[in-house]
Each structure stands twice: as structure tokens, then as C-alpha cells.
Amino acid sequence: MLKSLYISSFVIIDQVRIDFENGMSVLTGETGAGKSIIIDALGQLCGNRSSVSLIKKNCSKAIIEGVFDATMTDALEDICEQLHIEPDEQFVITKEILESGKSNIKINYQNASNHALKLLMPLLIDIHSQFETQKLFEEKNHIKLLDEFSSQELVDLQKKYIDLYTSYQEVKTKLKKTLEEDMSCDAPAMMNSLA
């Protein structure tokens, strides 16, 4: 869960800190109030590509920092181990976008890469923008969505099915090859009997 978000010199924002409480949070405002900029800032913490154009005019760098509470899961522990990050129930993610076009990224005050953000952040936050629900109607996403909501029992059944199907395909290939070999061996005998 996102606990707080700090944004400095990002697009048109001078400086803002937003604290989030437990439960649902809603960003509202008129068109042009800056809601999308806040979502874009969160996108930067999730590993979106940064650009010098995101730095506020006449500023040397933009800073975005998010503090996230996390429930430790096996998946989160695995990612932390892979990224050499000490597992914690709170993560501080900081991204500085520099005039040079480069970015400095830190996870819990340790230097990190954009790749690390892309691995870690899906376990800390989900962002759903205005037309993202359209993905639900794309057939190519249906199985992936179902798999994400399936229980471990279904995951185990799926693995068992894949193993059995692979074995079936191997047996089928061997049978076809054997039949083709038998046919080619019997062909001269068949030709002689026809003559």
C-alpha cells in the first residue's frame, strides 16, 4: 500500500507531499488540476522510461519518492533476494531524473536499476488508469487473468496437465515415426505382390 508520495520539480509541480490513509483513496479535480501528473510520477516509480522533459522548467532535477507498506510474501521475499535487498515491511523508492537524461534510483536507500523497479513494484502497487479495463476484453489476456486468480491447486493441476500433454505429444511422434518406418519397409514387398 502506498503510504506517502513526495514529488519535487516534476512537470509543473514545484513540490508536494501526499499522505494516504488506510482504505480507498481518490484523486479528484478539474481537468488540468494535475491528477495525471501524480499518476505519471507513480509510473516513474514503477519503472516507466524517464525523460528530461519531465523536469520542471528551470530546475536541475525532478525527485519522486514513495513509501510503501508491504505484506511479506514468498514472491516478495524471492524478488528481494534476487535484488539483494533486505526484506522489510516498508519500502522507500526514490527516483531522481537528471538534466543529463540519466536517472538515479534507490530502493531502501540502496542504488538500484530500472529493471529492479519493474520486478519489485508490481508486488507493491497496482495502477489502473482510465481505459485500462479495455484489456479485459482482449482475448489474449483472458488466460493470464484467470491464472493470476487461480489457487495453488489449479496451478498444480495445470502443471500436471502440461506434463501429461508433453508426454502424449512425444508418444504420438514416436508412433508416427514407427508407422512411417514400417510402411517404408513393407513397400517393396507390396510392390512385388502387385507385380
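This report walks through a sheet, a helix, the cysteines and some aromatic rings in a predicted model.

Six of them make up an open sheet, lined up in the order 2-1-3-4-5-6, with antiparallel pairing. At the edges sit strand 2 (13-19) and strand 6 (110-112), and each of these pairs on one side only. On average, neighbouring strands in this sheet are turned by 15 degrees against each other, direction ignored. If you're wondering what holds such an arrangement together, strands of a sheet pair through backbone hydrogen bonds, either parallel or antiparallel.

For a close-up, look at strand 1 (residues 2-10) and strand 3 (residues 61-69), an antiparallel pair with six bridges. Here you'll find Ile7 standing opposite Ile64 of strand 3.

## The helix across it

Now find helix 1 (residues 35-45). This helix lies across strand 1, strand 2, strand 3 and strand 4 (90-98), and it runs at about 105 degrees to strand 1.

Which residues of helix 1 are buried? They are Ile37, Ile38, Ala41, Leu42, Gly43, Gln44 and Leu45. The buried residues of the helix pack against strands 1, 2, 3 and 4, and also against helix 3 (114-120). Just after helix 1 comes Gly47, which has a positive phi of about 105 degrees.

A disulfide is a covalent bond between the sulfur atoms of two cysteines.

Is Cys80 buried or exposed? It is buried, because its relative accessible area is 0%. Cys59, on the other hand, counts as partly exposed, at 23% relative accessibility.

## A tyrosine cluster

Searching the whole structure turns up two aromatic pairs. In one, Tyr161 and Tyr165 are stacked, with 6.1 Å centre to centre and 20 degrees between the planes. These two tyrosines are four residues apart in helix 5 (residues 152-194), so about one helical turn separates them. Tyr161 is exposed, with 52% relative accessibility, while Tyr165 is partly exposed at 41%.

Tyr165 also pairs with Tyr168: the ring centres are 6.2 Å apart and the planes are at 40 degrees, so this pair is tilted. Tyr165 and Tyr168 are three residues apart in helix 5, which again means about one helical turn. Tyr168 is partly exposed, at 46%. Put together, the ring pairs link Tyr161, Tyr165 and Tyr168 into a cluster.

Conventions: Residues numbered from 1 in each chain as written. Predicted model: local features only at pLDDT ≥ 70, side-chain atom pairs only at ≥ 80, totals over all residues. Heavy atoms only, no water. Pairing = 2+ DSSP bridges. Axes fitted to C-alpha atoms, helices over the stretch in contact; angles between N-to-C directions. Contact = heavy atoms within 4.5 Å. Buried < 20%, exposed > 50% of the residue type's maximum accessible area, 1.4 Å probe, protein only. Phe/Tyr/Trp six-rings, centres within 6.5 Å; stacked < 30°, edge-to-face > 60°.
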